[in-house]
Amino acid sequence: MSVLTRDEAQTRAKLLDVHHYAIALDLTTGDETFESLTVIRFTTRAEADTFVELKPAELREATLDGHPLDPETLHENRLPLKALTAGEHELRIDAVMRYSRTGEGMHRFTDPTDGETYVYTQLFMDDVQRVFAAFDQPDLKAVFDLSVKAPENWTVLANGITTDLGDGNWQAAPTPLISTYLVAVAAGPWHSVRTEHRGLPFGIHCRRSLAPHLDPDADELFEITKQCYDRYHEKFEEPYPFDSYDQAFVPEFNAGAMENPGLVTFRDEFVYRSAVTDTERQTRAMVIAHEMAHMWFGDLVTLRWWDDIWLNESFAEYMGYQTLTEATRFTDTWTDFGVVRKAWGYDADQRPSTHPVAPENVDDTASALLNFDGISYAKGASALRQLVHWLGEKDFLAGINTHFKRHKFANAALADFIDSLASATERDVHAWADAWLSTTGVDTLRPTVTRGEEGTHTLQVEHHGNRPHRIAVGLYDQDVNDQGHQLVLRERLDLDIPQHTPLPIGKRPALLLLNDGDLTYTKIRFDTESFKTVTECLSGLPSPLTRAVVWNALRDAVRDGELAPTAYLEAARAHLPHETDLALVQGVLAFATTYVTDRYVTPDQRPATLATLSSLCRDLIRRTEDGDNPGLRLIAVRHCINVTSQPDTIAAWLADGTVPGGPELDPELRWRVLARLAVLGATDETAITAELERDPSATGQEGAARCRAALPTEEAKSRAWEAMFTHDNLSNYLFTATAQGFWQPEQADLVRQYVPRYYDDAVTLATRRGPAIADAAGRWAFPDHAIDADNLALGETCLRDADLTPALRRKLTDQLDDLARALRVRQA
């Protein structure tokens, strides 16, 4: 397939003015394909050649201004339009298109619970060509007029309000000017809940089988949506620019959500079938806030080319967390950002694949797709948070509103955004952008405390990096009382980095904490006395956000080989039993399990670390026996299952259907227990089949695939491998579930033969099945348990010699860098 280059897009944008798409889709023609008729009205500014993109199963007919075009001239995904004259034109494309099972284009899904079928579009980047013909680049905005023929019991959702014309025919209201990648359709026998807010129709939609789980949460979902909507209207002068606001929870969705104007699509795991923590509800609320922010930044004002993807994602990420904190009951969202999202950014920014927040070298769409990572989201949002701290929120919002006014229903680039901000302040925003948005890597700040006369002290910060920072320095004194070692904030001082003169701090604090409040993006270290205080009193810090900064510092020190992984576990063992913030408990346990236990300690150390984590989880379970903190208990139970080395206890839970004292085992916990039993060789196919009969849902199908791949037999591993790499009938979700079950540290000897096979088979698979499966193969099917030089050498050879798709190359680059880091941590 030909990918669109920036030069080609710029040339076509100078040539064309695209006015209107009339799109007619027929979804009644079978399980494999659908019909797509597209009529595009556009103006050519000069005589020239160009092309339109589509990826059909069959191109039946194409005409330009009533004259036929030869379907045989379609090459890969481009139909040439030769010798266009200046003036208005009409292009008509009649094609048959394929449904997808990988979450790209028009995805088709049949619910195993009730046999109902659903389809929805994900047209991001260049997948619109899988659904209808288009001049597919973000700066050729147009009006989209969509009609759909669907089975008669279906409901059709789209960007605009849809009207049922009868006999399965639906018409969507024409859109305002939007980009091709933002067009959206979702069709099926949806369960829908509707309301109205400030004169605007709101709707939430899911599969019928999920209705019993959506309905109890409908009030919460609408409340969050309305609160964010109202808060954005307080912040933004431009009103919401579309005619309705629907949120559809769709199956087998690759991303968290997609900001289609008027029809946001979410992965339907956000419709909770099983118990979740309040932090998980907060995450769902943040995604709602994030996607709504896109209605302005991304949809109303859209990037001109994909090098400015951060303008979409960083802004929505920052605004989602900030607005959730201001407008809803979730007031500690920045703690979750600090311990989860920010770590994602730090990790991505230290790999060879790092890139500036605003890169200048995104030459084509395949390269652009790789930049949807922790840098474009978390680092960019962190940079904006630092900008607001430096600029002031009033001036920041004034600049944003100027940006909306200047570029509404149009496109903008980085320079436009910076010019809009600069118009609202006397500060040098252009210099800030050069330092923050055009550079790579993570700065590190190290404190030195010097004693002066009469017991006074000064602080000097060693700055490794080149970005300016405005940080807060927290000075904490120790207070020993009935509750143990508590830390009390004496003072919080502002400090600009680079620092030019020592900062007086008075008497020596027990803990000196750089970046208190987490207002900038940098790694921090501790002076010797502060580190001793952290090891003794971390849980005594009064603010969860402050504790998040400390835990991130410990995490970074482990990854950089400056702190032993076992020391991190010791800190967790000492302080998590006293932790009250669920995001922190979950984040620390996740790092301790996934990285420390599974990668950073040696195989002979692993049993002891598992025992430490198991003991910690049992402490948390005992602490929550009174039922006052069900979220903490749920986290503890989940991780207790994950780290157990002896199957008897969790097998008894499964047999009884409950953990003693609760919770009862819902479907998620039952599949989690069964998966761990499979790893330990304490269950079999009979039990997996029985559990699938008990829970035949899509999630149950994934659970069964994960368990079957985790069984410690040669037959099970062979079947799983063939399912992933030989047969192409696994959907994106079933592929991921199978891959998650396959590699297990406990089964290293059993799967050793598959490590060298992985590289050849993954390369072939990625070429055959495309970017979504390539991403899954690189992320989930990679043998990350094999922390050894042989695996690293195999991967480096593959990177050097194999013909890799861009998506797989990026994933392998990141995985191999993580593998090399794990080897360095073990050596340190």
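User: Start with α25. Which of its residues are called buried, and what makes them so?

Analyst: The model is predicted. In α25, the buried residues are Y754, V755, Y758, Y759, A762, V763, L765, A766 and R769. Buried means under 20% relative accessible area, so each of these residues falls under that cut-off.

User: What covers the buried residues of α25?

Analyst: The cover includes the helices α22 (714-725), α23 (732-742), α24 (748-751) and α26 (771-779), together with α27 and α28 (806-827). Contact here means heavy atoms within 4.5 Å.

User: Where does α25 bend, and what does the angle compare?

Analyst: The bend is at D760 and comes to about 25°. The angle is taken between an axis fitted to the seven residues ending at the bend residue and one fitted to the seven starting there. Just after α25, G770 has a positive phi of about 95°.

User: Which elements contribute to the second largest pocket, and what is its volume?

Analyst: The second largest pocket has a volume of about 490 Å³. Elements giving two or more residues to its lining are α15 (582-600), α16 (606-623), α25 (754-769) and α27 (789-801). The lining has 25 residues, and P603, P745, A748, R752 and H785 are those nearest the pocket's centre. By class, twelve lining residues are nonpolar, five polar and eight charged.

User: Why is that one called a pocket, while other spaces are called cavities?

Analyst: A pocket is an open set of points, whereas in a cavity a 1.4 Å probe fits but cannot get out. Five cavities of 30 Å³ or more are counted.

User: Which residues line the largest cavity, and how do you know that they belong to its lining?

Analyst: The lining consists of Y346, N515, D518, T522, K523, I524, V549, N552, A553 and D556. A lining residue has an atom within 4 Å of a point of the cavity, so each of these meets that criterion. The largest cavity has a volume of about 70 Å³. Two or more lining residues come from each of β28 and α13 (544-559), and α13 gives the largest share, four residues. The lining divides into four nonpolar, three polar and three charged residues.

User: What lines the second largest cavity?

Analyst: The residues are M1, S2, V3, L4, E53, N77, R78, D126, Q129, D136 and T365. By class they are three nonpolar, four polar and four charged. The space in this cavity is about 60 Å³.

User: β28 also belongs to a sheet. What makes β28 an edge strand there?

Analyst: The open sheet has four strands in the order β26-β23-β22-β28, with mixed pairing. β26 (503-506) and β28 (523-524) are the edge strands, each pairing on one side only.

User: Why are β5 and β12 placed at the edges of the eight-strand sheet?

Analyst: That open sheet has the order β5-β4-β7-β2-β1-β10-β13-β12, and its pairing is mixed. β5 (67-68) and β12 (162-166) each have a single partner strand, so one side of each lacks a neighbour in the sheet. β12 is joined to β13 (residues 169-172) by four bridges, and the two run antiparallel. The bridge partner of G166 in β13 is N169.

Notes
Residues numbered from 1 in each chain as written. Predicted model: local features only at pLDDT ≥ 70, side-chain atom pairs only at ≥ 80, totals over all residues. Heavy atoms only, no water. 1 Å grid on protein atoms, 1.4 Å probe; cavity = no way out; pocket = protein on both sides within 12 Å on 5 of 7 lines; lining within 4 Å. Points joined across faces, edges and corners; volume = space filled by probe spheres on them. Nonpolar A, V, L, I, M, F, W, Y, C, P; charged D, E, K, R; others polar. Buried < 20%, exposed > 50% of the residue type's maximum accessible area, 1.4 Å probe, protein only. Pairing = 2+ DSSP bridges.
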